Amino acid sequence: MSVIEKDVQEVKSGWRSFTKGKWAKKVDVNNFIATNIKPYEGNEDFLVGPTSNTTELWKIISQLSKEERERGGVWDVSLDTVSTITSHAPGYIDKDKEQIVGVQTDAPFRRSIQPFGGIKMMIDATKAYGFELPNNIVEMFTNIRKTHNQGVFDAYTPDMRAVRKSGVITGLPDAYGRGRIIGDYRRVALYGIDFLIKDKKQQLAELEVDSMTEDVIRLREELSEQIRALGELKEMAAAHGLDISKPANSFKEATQWVYFGYLAAVKEQNGAAMSLGRVSSFLDIYAQRDFEEGTLTEEQAQEIVDHFVMKLRIVKFLRTPDYNELFSGDPTWVTESIGGMAEDGTTRVTKNSFRFLHTLYNLGPAPEPNLTVLWSEKLPEGFKKYCAKVSIETSAIQYENDDVMRPYWGEDYAIACCVSPMRIGKQMQFFGARANLAKALLYAINGGVDEKSGAQVGPEYPAITSEYLDYNEVMKRFKPMMEWLAKTYVNTLNIIHYMHDKYSYERIEMALHDRDILRTMACGIAGLSVAADSLSAIKYAKVKPIRNEQGIAIDFETEGEFPCYGNNDDAVDSIAVELVETFMSMIRKHKTYRDAVPTQSVLTITSNVVYGKKTGTTPDGRKKGEPFAPGANPMHGRDKKGALASLNSVAKLPYSDAQDGISNTFSIVPKALGKDEESRKSNLVFMMDGYFHNNAQHLNVNVFNREQLIDAMDHPENYPQLTVRVSGYAVNFIKLTREQQLDVINRTFHSSM
């Protein structure tokens, strides 16, 4: 008899009227959803506006947001207390009005210090915003308690330090939390903490084996930490006057229990992406039961969702200006995956899917949570059209291809960060930032010498010295350079994640996973379109390097025309495809930490600007320091044959070799979609159906005019909630640096299909 079966009587009230299945005998949230979900095939007519409490709470948050901007980006810091699950007393916006309670510290907008990832980051971050970290905390995490960052740099080789400094690999999670781990926060609501602790204790008991190998010892320690974290989660909830030891009894409780699980995670970890998972349709099951029992109205249901989302919007981390330069707009990537289809062909769209999207009206547009629709051609038409309506009016949704990802990850996966799918509670990712293929191409031309510093960073191959670049000769040098980059990259990530597990282990997030999970090593590439266009120029035109006194190619003269990626031209699109396939094959050759399965993304976040700064002039005509295109996008202005041609080029990139995601950020002016609201919705649905039918994986949709963004640059006070999709996530436009705002404005705005 399982642990759960022993305690059925204790959970009876929480499980009343639910259809039983495998989920009632072992932890299996997906089976619970499959046996209890009530798909919704209708439209948005049932939705309601905000309550007075919602409006009043949002006024308080809006005022705090204004004050935060006026204070330079950070409202306040809790300097004397290291953040843990139970470190701070409960904080409230307005306790009498909040349906969902809890913030990260003892007050909303007061950021915590989280030094386990690295004390230097905390020192620099506090100083940058006018605060000073107490000496006792600096001493503790410098000389007494080792951090993840210190462990990493103790183990780094000189080569690893060199690639990090030069920018041929950038954004490595060696000074901040790796993130991209999705705890199955739904388990807190469905099973209660007591059940989960008993289940983990049973898993620990099963590891009382004859041979205590390193793997067994490590797993036993991790399980013990997980059990301890679950106990602290229960203690944190009790401080708010709530008992989460047993399953949730109502929609409000289920939402609160889920939020407490997530809140514990963001109290404990300052991760690069603290994604929520896929909770909306799970929670709908509780709402439907309450509706049937006559204990919930639509106004109450929407208010609970609004307040939950409100709390997700104000998750705040203390980070350095360097971090903010890489990941602009103060993002937390609280990604919630909505919709999708089940493997039996039924939809997982529910009324709660609509309610979550409707918060973009009740609270106004916002980048967080990162609302992500899992798109399928088989989704209900009413839901598709509502998504299109919301995209056109808010530019605050991204779309990912459920029909492409479901065969890989099953029906119960979610998106971590921007575009990275993983099975919820059964998989975690070792996040790996990105390798700069455009810069690696310059290394191939220059014999491993950095074009900006003149340092020997890559292998010391003979530089190309011919007057004009020959495509075959360049490729002969480029492929060994990529081999070196792939090897250095994986070895660097192995050190980072070994040390992260050792010094900054995600206790509560992993407590909401199965014991035995799939691990992936998420490598990434940046500069794909720059590299593809550069190789196209070398292959189809005449490219002459301009060398400095040291013989380094620092500029290029190009004679003749060449095809550019983004125009549905196989002559160059095939080069981009080959680069994706080739680099992934090289990554797969190397042994990964904890035998993680290597994956790859074509993703830059907003670090396409930083990558450009770190990269010299390239053969495609892009000048030194100019931004790359974001993600898998064509370079700004080069996709000249309309929206569909641009989309078709990106759709050719093979998901089989980029299973961590292929980010495409798409901007179109409203009139290009149609003359009226109905035609615009229909045309956007048609466009996305066609794009995803071609096996594309991801699409950000921005619908606005360039003039609106220019006005927002000059008059930010008029656009406090202007939201734009950038590269797998959204940002508040006025929080971007001016340089990044210009990058967004200079991207292609399609004026025709």
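Is C387 buried or exposed? C387 counts as buried, because its relative accessibility is 0%; buried means under 20% relative accessible area, exposed over 50%, and partly exposed in between, with a 1.4 Å probe and protein chains only. This is a predicted model, in which local features need pLDDT of at least 70 and side-chain atom pairs count only at pLDDT 80 or more, while totals for chains, interfaces and linings use all residues. Residues are numbered from 1 along each chain as its sequence is written, and side-chain values use heavy atoms, with hydrogens and water left out.

The cysteines can be followed further. A disulfide is a pair of cysteine sulfur atoms within 2.5 Å, and by this rule the count comes to zero. The closest cysteine sulfur to that of C387 belongs to C418 and is 19 Å away, so the two are too far apart for a bond. C418 is in no disulfide either; the nearest cysteine sulfur to its own is that of C417, 3.2 Å away. C418 counts as buried because its relative accessibility is 0%.

Next comes the chain as a whole. The protein has 28 helices and 19 strands; these are DSSP runs numbered from the N terminus, with helices being H or I of at least four residues and strands being E of at least two. For 753 residues, a compact globule would have a radius of gyration near 27 Å, and the 25 Å of the protein agrees with that. The radius is taken over C-alpha atoms, and the globule rule is 2.2 Å times the number of residues to the power 0.38. Along its principal axes, the C-alpha trace spans about 80 × 65 × 50 Å.

Of the 753 residues, 65% count as buried. The accessible surface comes to about 25800 Å², and 49% of it belongs to carbon and sulfur atoms; such areas come from the Shrake-Rupley method with a 1.4 Å probe, and for residues only the protein chains shown count as cover. Contact means heavy atoms within 4.5 Å. Among contacts between residues at least 6 apart in sequence, 78% join residues at least 24 apart.

The charges are described by their counts and centres. There are 90 positive and 101 negative side chains, and the centres of the two sets lie 1 Å apart. Lys and Arg count as positive and Asp and Glu as negative, with His and the chain ends not counted. The place of a charge is taken as NZ of Lys, CZ of Arg, CG of Asp or CD of Glu.

Several helices can now be taken in turn. Helix α3, residues 29–36, is mostly covered, with six of its eight residues buried. These are V29, N30, N31, F32, I33 and N36. Their cover includes α9 (186–205) and α12 (280–293).

Helix α10 (residues 214–239) contains D215, which counts as exposed because its relative accessibility is 51%.

E268 is in helix α11 (residues 251–268) and counts as buried because its relative accessibility is 13%. Leaving aside neighbours within four places in sequence, E268 is in contact with I85, Q114, E506, R507 and I508. G642 is 374 residues from E268 along the chain, and their C-alpha atoms are separated by 46 Å.

R313 belongs to helix α13 (residues 298–313); at 10% relative accessibility, R313 counts as buried. Its contacts, apart from neighbours within four places in sequence, include W58, T359, P365, E368, P369 and Q721. V334 is 21 residues from R313 in sequence and 8.2 Å from R313 in space, C-alpha to C-alpha.

The backbone is the last topic. Most residues other than glycine have a negative phi, and most peptide bonds are trans. The peptide bond from E368 to P369 is cis, with omega near -10 degrees, and P369 is in the loop between α15 (351–362) and β5 (370–375). S395 is not a glycine but has a positive phi of about 50 degrees. S395 sits in the loop between α16 (381–394) and β6 (398–401) and counts as buried, at 2% relative accessibility. N568, also not a glycine, has a positive phi of about 60 degrees. The loop that holds N568 runs between β13 (553–559) and α22 (570–587), and N568 counts as partly exposed because its relative accessibility is 36%.
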